[in-house]
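This report goes through one protein model, part by part. Please look over the sequence and the structure first.

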Amino acid sequence: TAFATFVRGLPKAELHMHIEGSLEPELMFALAQRNGITLPFKSVDEIRAAYQFSNLQDFLDIYYQGAGVLRTAEDFKELALAYFKRLAADGGTHAEIFFDPQTHTDRGIAFGVVMEGLLAGMDEAEKTLGVTSKLILCFLRHLSEDSAFETLELAKPWLNKLAGVGLDSSEVGHPPAKFARVLQAARDLGLKVVAHAGEEGPPAYVWEAIDLVKVDRIDHGNRALEDEALTARLVKDGVTLTVCPLSNLKLCGVPSLDVHPLKTMLALGLKATVNSDDPAYFGGYLLENYLATAQAVGLTRDEIVTLARNSFAGSFLSEAEKAARL
Ligand code: HPA
Ligand code: ZN
């Protein structure tokens, strides 16, 4: 349609995408075979059939299992390059991608192997697709603060290749406060700080993320809308929210896309953006998130432009780079 062509043609940045969550079943199968790993699935169709989740944890269990096929730098490079190709096809021109090093180091894959592979994919994407990207190291919040500090230590030789750190994995029971010290240590090293908050966790976690951790962006943030004072604060401070509509639908954060709060967020003056989170698992890449949400809640072209602008304004590009790309 003309609307889809318009949305695809708008330059867009993706600010919330876990690279391990872009592992398509086909590549999962191919890597399992190449690396001599036996998957508990007999076919690609069987894998896809298993992607039915009632909450975040259901998804995480299968997502960590899937990531087990990634072993070599070449695997990570192929993973990243496949994502950037999809992004470019969707009219995405910049991405700030999350990765979960502990998922790999805990099974004996060296931190440097992950970095080398992802960086090679990012490099090639910029050269061949014109897509720029940055890396955000996420600490798994279901693990300990000590483990996060050990991971930050492993990252120190790679600091100039990292834009920031984040917090992901199981939210409820693991508030931002648990990682306030390690996130501060990362900030002291010159890294940006983001955190998943208000995906399943309460508004109190979003308060902690802004007041205690002083994050540069909130990932998701949906449940902030339950708290008027919090919403007002996010508006006043112009905090970017990296919203992931199809993820919210698949993880049952919303019962249907028709009642997704994205349009409300924009109406309230929140700096919302649209993102795919884990596109291989949630059934859509960046453009599909824009189009499905636009269709369901009735986004205008002006609202789409606002979302695209918010994606660059909220990115970790320099002010000069932003001005050139908005
Ligand atoms: N939430 C928390 N952790 C995650 C997610 C998510 O949506 N995707 C990958 N890790
Ligand atoms: Zn996420």
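## The zinc site

Along the chain, the donors of the zinc ion (ligand 2) follow the spacing H-x1-H-x177-H-x80-D. H18 lies in strand β1 (residues 12-18) and H196 in strand β5 (residues 192-197), so this pair ties together parts that are 178 residues apart in sequence. The model is predicted: local features need pLDDT of at least 70 and side-chain atom pairs count only at pLDDT 80 or more, while totals for chains, interfaces and linings use all residues. Residues are numbered from 1 along each chain as its sequence is written, chains are lettered from A and ligands numbered from 1 in the order in which they are written, and side-chain values use heavy atoms, leaving out hydrogens and water.

H16 (NE2), H18 (NE2), H196 (NE2) and D277 (OD) coordinate the zinc ion (ligand 2) at 2.0 to 2.2 Å. Donors are N, O and S atoms within 2.8 Å of the metal (3.2 Å for Na, K and Ca); water is not among the atoms, so sites may look incomplete. The angles among the 4 donor atoms run from 82 to 174°, and the site is irregular. H18 is buried at 4% relative accessibility, and H196 is buried with a relative accessible area of 4% (buried means under 20%, exposed over 50%, partly exposed in between, with a 1.4 Å probe and protein chains only).

## The sheet

An open sheet is formed by 8 strands in the order β1-β2-β3-β4-β5-β6-β7-β8, with parallel pairing. Strands are DSSP runs of E with at least two residues, and helices are runs of H or I with at least four, numbered from the N terminus; two strands pair if DSSP finds at least two bridges between them. At the edges stand β1 and β8 (271-274), each with a single partner strand, so one side of each has no neighbour in the sheet.

Strand β2 (residues 92-99) runs parallel to strand β3 (residues 132-140), and 6 bridges join them. F99 has L137 in β3 as its bridge partner.

## Tyrosine 205

Y205 is found in helix α10 (residues 203-211) and is buried, at 12% relative accessibility. Beyond its neighbours within four places in sequence, Y205 is in contact (heavy atoms within 4.5 Å) with E171, V172, G173, H174, P175, P176 and A197.

Conventions:
Tetrahedral: all angles 85-135°; square planar, octahedral: opposite > 155°, others 65-115°.
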